[in-house]
Amino acid sequence: MTAAFKAFVLQSTDPVKTGVEEWSTDQLDGDVLIKVSYSSVNYKDGIVGRTGNISEFTPLIPGIDLAGVVVESNDQQFKEGDEVIVTSYRLGTGHHGGFSEYAKVPAEWVVPKPDGLSLKEAMVLGTAGFTAALSVEQLEKNGLNPKQGPVLVAGASGGVGSLAVNMLANLGYDVAASTGKKNEEDYLKKLGAKEVLDRDDLVDHENKSTRSSKWAGAVDPVGGKTTQYILSTLSYGASVATSGLAGGVDVSTQVFPFIGRGINWLGIDSVRCPMDIRKNIWNRLATDLKPTCLEDEVVIEVKLEELDQVFKDILEGKVRGRTIVKMG
Ligand code: NDP
């Protein structure tokens, strides 16, 4: 079938120009045509939409997440009416993405929506929720359990951070949430944080590779000096799951916490995560890791026309929780 639809388009990168345009499904490539119900905004979308960096061509429809209903499929795994989720790979960077009423994608990128999540809930989670869940799973695989002591979540008011706070608290962990937003203490406590720390206290001190042991584990979507602090304060045998760079890319450390405390620095990648692990994480997101905060103040719903402002806010660290985009 051929249909006309509305999409948010990165029209050029030098200078960066964006706009909402009408396209035709004939302009899209892929095995599975999806009518998109919801997308969501992640930090990476802010980079694509605001700077043009990491976009592989223009015009490009950005949006690294989408959830919707299959309209047509050339692949037998999917049929009309199936509810599906697509995130990661080159979606929204090297292939037209989710800020669009329709999307066409390779069949190998498509995850059947698990029972226990609505399409909207799937996008409240999106790549941020997936990354938070993958971080929690990797920490647990490396020995973390609630009896070992407090777990630190950095960048706690952001997408990955907010969802990680809630998931860990629901699993019975004592969560310490670090934030740069002094007015978000009540919000973070509502999500389940026992303690709220000022982000500046984590980074404004002399760089030492070890200091007093404090944390049984840490979720780190921030990077930079925050990661430095975490590596220096993990308890014996503890792990940090690093997924992001919102606070910087350079990390200065020494071998001492690794060889003296046996700590583990775990890298978290959602983009090329293998499909068997991906499906398992989405099933956990619909069951034991399903946050209990999906319908309250974590979520802001916007339209395609409002995306430019959201990109600006997310790159300036001003966004709280998750922003979803409703189509139609
Ligand atoms: P958000 O913008 O929603 O959250 C990031 C949070 O980091 C902010 O809310 C803020 O929290 C904190 N922060 C922002 N700027 C700074 C700063 N200069 N110094 C310290 N902290 C800062 O983004 P997402 O949750 O969508 O993504 C978080 C990071 O994880 C990004 O870097 C993103 O690229 C990365 N990511 C990586 C993935 C992977 O596969 N590896 C997948 C998903 C995300 P607060 O004010 O509470 O401190």
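A: Start with the words for angles: under 35 degrees counts as roughly parallel, over 145 as roughly antiparallel, 65 to 115 as roughly perpendicular, and the rest as oblique. The model is predicted, with local features needing pLDDT of at least 70 and side-chain atom pairs pLDDT 80 or more, while totals for chains, interfaces and linings use all residues. Residue numbers start from 1 along each chain as its sequence is written.

Now take the pair H2 and H3. Helix H2 covers residues 119-141. Helix H3 covers residues 159-170. (Helices are DSSP runs of H or I with at least four residues, strands are runs of E with at least two, and both are numbered from the N terminus.) Packed helices are described by the angle between their axes and the distance between those axes. H2 and H3 pack at about 50°, and their axes are 8 Å apart. (Axes are lines fitted to C-alpha atoms, for helices over the stretch in contact; angles run from 0 to 180 degrees between N-to-C directions.) H2 and H3 are therefore oblique to each other. Their crossing is right-handed.

Which residues of H2 and H3 meet? From H2 come Leu125, Ala128, Gly129, Thr131, Ala132, Ala133, Ser135 and Val136. H3 answers with Gly159, Val160, Leu163, Ala164, Met167 and Leu168. (Two residues are in contact if their C-beta atoms, placed from the backbone, lie within 7 Å.) By class, this contact has 10 nonpolar, four polar and no charged residues. (Ala, Val, Leu, Ile, Met, Phe, Trp, Tyr, Cys and Pro count as nonpolar; Asp, Glu, Lys and Arg as charged; the others, Gly among them, as polar.)

H2 has another helix partner. It packs with H8 (residues 275-285) at about 100°, with axes 10 Å apart. That makes H2 roughly perpendicular to H8. On the H2 side, the contact uses Leu125, Gly129, Phe130, Ala133, Leu134 and Glu137. On the H8 side, Ile281, Arg284 and Leu285 take part. The classes here are six nonpolar, one polar and two charged. Leu125, Gly129 and Ala133 of H2 meet residues of H3, and these three also meet residues of H8.

Now follow H3 to a sheet. H3 lies across strands S8, S9 (175-179) and S11, running at about 155° to S8. The sheet is open and has six strands, in the order S10-S9-S8-S11-S12-S13, with parallel pairing. (Two strands pair if DSSP finds at least two bridges between them.) S10 (195-198) and S13 (264-267) stand at the edges, each with a single partner strand, so one side of each has no neighbour in the sheet. Neighbouring strands are turned by 20° against each other on average, direction ignored. S8 (residues 151-153) and S11 (residues 215-220) pair in the parallel sense over three bridges. Val153 has Val219 in S11 as its bridge partner.

What surrounds the ligand? Its shell holds 32 residues, and those that come nearest are Gly155, Gly158, Thr179, Gly244 and Gly247. (A residue is near a molecule or strand if its C-beta atom, placed from the backbone, lies within 6 Å of it.) H2 and H3 return here: together with H1 (43-51), they are the elements giving two or more residues to the shell. The shell divides into 12 nonpolar, 16 polar and four charged residues.

H1 has its own helix contact. The axes of H1 and H9 (residues 307-315) come within 8 Å and cross at roughly 115°. This crossing is left-handed. Tyr43, Asp45, Gly46, Gly49 and Arg50 of H1 meet Leu307, Phe311, Lys312, Ile314 and Leu315 of H9. Five of these residues are nonpolar, two polar and three charged.

The loop between H1 and strand S4 (65-73) holds Pro59. The peptide bond from Thr58 to Pro59 is cis, with omega near -5°. Ile54 sits in the loop between H1 and S4 too. Ile54 has a positive phi of about 65°, although it is not a glycine.

Conventions:
A crossing is left-handed if the near helix is turned anticlockwise from the far one by less than a right angle, and right-handed if clockwise.
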